[in-house]
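This report describes selected features of one protein model. Please look over the sequence and the structure before reading on.

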Amino acid sequence: MAFNLGRSHVLEETSALFHFPPINAHEIPDSDVADRVLIVLPLTDTVLFPHMFVSVFLTDPVASRAVEQAMADDRTVLAILQRDLDFDGPRLRDLYSIGVEATIQRSRKMPDGSTSVVIAGRRRMRIVDPLDESPLLRVRAEPLLIDEQRTLSVEAMMRAALSLYEKVTKLSRTLPDDAYVTAMNVDTPGGLADLIATTLPINSTNRQQILETIDPEERLHRVVKLLTQELDLLELENRIQSQVQKEVDRSQREIFLREQLKIIQRELGQDDPAHREIHALRSRLTAAGIPEYARNRVDDELARLEAMPTMSPEYSILRTYLDWMASLPWANLSDDNTDLREAAKILDRNHFGLEKVKERIIEFIAVRQLVGVEQKAPILCFVGPPGVGKTSLGQSIAEVLGRRFVRLALGGVHDEAEIRGHRRTYIGAMPGRILQRIKDAGTLNPVFMLDEVDKLGADFRGDPSSALLEVLDPEQNHAFSDHYLDLSFDLSRTLFIATANVAHDIPDPLLDRMEVIDLPGYTEEEKLQIAYRFLIPKQMQANGLAGRTIRFSDSALRAIIRGYTYEAGVRNLEREIGAICRKIARQVAEKRPPLQLVTTRVAERMLGPPRFEISVAEEQDQVGVATGMVYTGNGGDTMPIECSLMEGKGALMLTGQLGDIMQESAQAALSYIRAHATELGIDGKRFEKVDIHIHVPEGATPKDGPSAGITIATALVSALTGRAVRRDMAMTGEMTLRGRVLPIGGVKEKVLGAYRSGVRQVILPRKNQRDLVEIPNAVRQKLTFTFVGQIEEVLDLVLGPPPPKLTPKRRVVKS
């Protein structure tokens, strides 16, 4: 039960099940019948009975101080109901004379300044002598002795009370189901009366009268009267409820008759707007070309809609469902362009390079020309760093095929319902985003781009990547099941193209269903051509400079590429070209003579100092420093790996934010060197006298992977033998404990990064020789490649001769 008094003094709330509380350690034994001086806790609209718990919220300062003082003493208070609420604070004359001695079980301060207190009633007490009113209300009170004998009349009264209470609990909507069970287990007549009085929805005056009734039989008599009144009220309430239900049934009957009236009006030619709407919907559904397996469902739902009152809550839900069914392109196919020459011309016009992707699209068109509409659409996945043109390539494919292009961004999608939709039982349910985009396309065979498929998430709402398994499986997507439609939909004609920055973040089952096409980063020469052919004309058009003779020199573009962009694609390059075009546009708008040629000096003046520096090879051969090759999200690069020795006890320190795999590569390299120390010319006892520190610069960038194995081993051997490492050679490869060099990935990107850094000799694992075909001829002709299968081959190539042994100077000791 809860009482909301709306008073400013005390706000009380009773709750929980009523049971006999255990005797608290602070309570007084039952044998004590002497008067007691007690602190008064005034209550408003709440009466506490013995052996009951009550939770109260106190806002009155007097009540709060009373609780604080009681908690400091023995936790005992006298809980008494106030007759009148005095807004200046409770006074003794405002209290009833009989209350309940109670124990404070818990007291907590609340954020709003009030105090939450749980008190347990113990026994009835009567005030015999008022003592103090300030700062606390104190009285002398005597316990009231109660004779709990169960005579025949008392037993009969208890049975009558329980019988009435059972009926009340069955009819009442507020009393808990176990209230009657609790009452059955009360042995004393007074306790039974107190329990029933606590749970009945009666006012505080009636409760106080029951509290002040000392004789258990008379108390039960009062409770039986109250039960009889409550039972009469509940029975009357139920009769009223039955009458209301009959009225509702009558309203339903009227709705039925109104529907019959609509049928009569339709027969008489007096049509209504709802009927016209349904007729238009039926026409749309007929024209939608819905297949036979779905047509039966649609007809059944349409019949339900016609028989349903327009005011029914389900009417709008069913109306929306049928509208979606009519809007989907069940049989609408666009005609494909199968002219191979025209397709090649469009691809070359829109994109520079990307020969592998262009070849795959031409092959698809060629097969379509031979097979016809029965051809199954491939599931492609473009994997490459940002800015290499994955999304724009999808748009060009749609243009080549003559199809509509739709795009779905999957980055950050965590809910499976985003793919499959919600079931119609949910409010506001709608199909998944797959069918939404198909509806937007208006055809059954658009080019559908699933952008950033590697950034899908998963949480308690489901795994969207698992829902995509059916979408991207050519053997299953002809019967794709959306939760909202609850019907299969044919997606086999749709050309799905997924994009991702990295393939290893795509779940393996999903990756297995797609044909992965790598789009590596562009070389500097390729970026130069892309800038001339696409970026500069596009930005001049966007900034109002079309038709003006403004040129960019090769040196200026190279300076922008090297100093102002650090990327595998051309997105930032386009931004920097756009920034220069905007400054030239300002000159034109201010009637100043615009620049005709953008040189390196002009570019630096407009864009500010360069923001990036390309990694360059070391200026001279050094001991303990080897040049490795890395592959980042922005393309390839070189990175030195440093090794330093110091006196110690054989510890290995690894710094530079290295991942677990890279740390294991360093440990494997050290283990190999210790096992072959004699062959490498290293004193085996030296490992116990020095600590080895391996550091990879740019510590703010996380690094991981096994491909730095031979580079770490080279730096370690160089530091331990004192042999310098050749600065003009870069290397990559995984190393085993036996010294074998295993193949790695990202060869093209790593080689291009080494080429930009000025390296002209590259060491690669022997099994990566087949990857050289991916490297542009212009770069391949300027580099020298050496392929190795053992770490000994690497050391022989990159380590210089041992340093000459220095003769230590004699130390002169002066006497």
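Contact here means heavy atoms within 4.5 Å. The model is a predicted one, in which local features need pLDDT of at least 70 and side-chain atom pairs count only at pLDDT 80 or more, while totals for chains, interfaces and linings use all residues. Residues are numbered from 1 along each chain as its sequence is written, and side-chain values use heavy atoms, with hydrogens and water left out.

Glu418 touches Val413, Gly432, Arg433 and Ile434, not counting residues up to four places away in sequence. Glu418 belongs to helix 13, which covers residues 417–420. Helices (H or I, at least four residues) and strands (E, at least two) are DSSP runs, numbered from the N terminus. Glu418 has a relative accessibility of 30% and so counts as partly exposed. On this scale buried means under 20% relative accessible area, exposed means over 50%, and partly exposed lies in between (1.4 Å probe, protein chains only). From Glu418 to Phe448 there are 30 residues in sequence and 16 Å in space, C-alpha to C-alpha.

Because 7 of its 8 residues are buried, helix 15 is largely enclosed by the rest of the structure. The buried residues of helix 15 are Pro464, Ser465, Ala467, Leu468, Leu469, Glu470 and Val471.

After helix 23 comes Gly758, with a positive phi near 95°.

**Packed helices**

Two packed helices are described by the angle between their axes and the distance between the axes. Axes are lines fitted to C-alpha atoms, for helices over the stretch in contact, and angles run from 0 to 180 degrees between N-to-C directions.

| Helix pair | Angle | Axis distance |
|---|---|---|
| Helix 7 (273–287) and helix 9 (313–327) | about 30° | 9 Å |
| Helix 17 (524–542) and helix 18 (554–563) | about 110° | 10 Å |
| Helix 10 (340–350) and helix 11 (355–371) | about 160° | 10 Å |

Angles under 35 degrees count as roughly parallel, over 145 as roughly antiparallel, 65 to 115 as roughly perpendicular and the rest as oblique. Helix 7 and helix 9 are therefore roughly parallel. Helix 17 is roughly perpendicular to helix 18, and helix 10 is roughly antiparallel to helix 11.

A crossing is left-handed if the near helix is turned anticlockwise from the far one by less than a right angle, and right-handed if clockwise. The crossing of helix 7 and helix 9 is left-handed. Its contact involves Ala274, Glu277, Ile278, Leu281, Arg284 and Leu285 of helix 7, and residues of helix 9 including Tyr315, Arg319 and Leu322. Ala, Val, Leu, Ile, Met, Phe, Trp, Tyr, Cys and Pro count as nonpolar, Asp, Glu, Lys and Arg as charged, and the others, Gly among them, as polar.

Helix 17 and helix 18 have a right-handed crossing. Among the contact residues are Leu528 and Tyr532 of helix 17 and Leu557 and Arg558 of helix 18. This contact has 6 nonpolar, no polar and 6 charged residues.

The crossing of helix 10 and helix 11 is right-handed. Leu340, Ala343, Ala344, Leu347 and Asp348 of helix 10 meet Lys358, Ile361, Ile362, Ile365, Ala366 and Gln369 of helix 11. The contact residues comprise 8 nonpolar, 1 polar and 2 charged.

**Backbone and cysteines**

Most residues other than glycine have a negative phi, and most peptide bonds are trans. Glu452, in the loop between strand 10 (447–451) and helix 15 (464–471), has a positive phi near 55°. Gln657, in the loop between strand 20 (652–655) and helix 21 (660–675), also has a positive phi near 55°. Glu452 is partly exposed at 24% relative accessibility, and Gln657 is partly exposed at 42%.

Ser134 and Pro135 are joined by a cis peptide bond, with omega about 0°. Pro135 sits in the loop between strand 6 (115–132) and strand 7 (138–143).

How many disulfides does the structure hold? It holds 0, a disulfide being a pair of cysteine sulfur atoms within 2.5 Å. Cys381 is buried at 0% relative accessibility, and Cys643 is buried at 10%.
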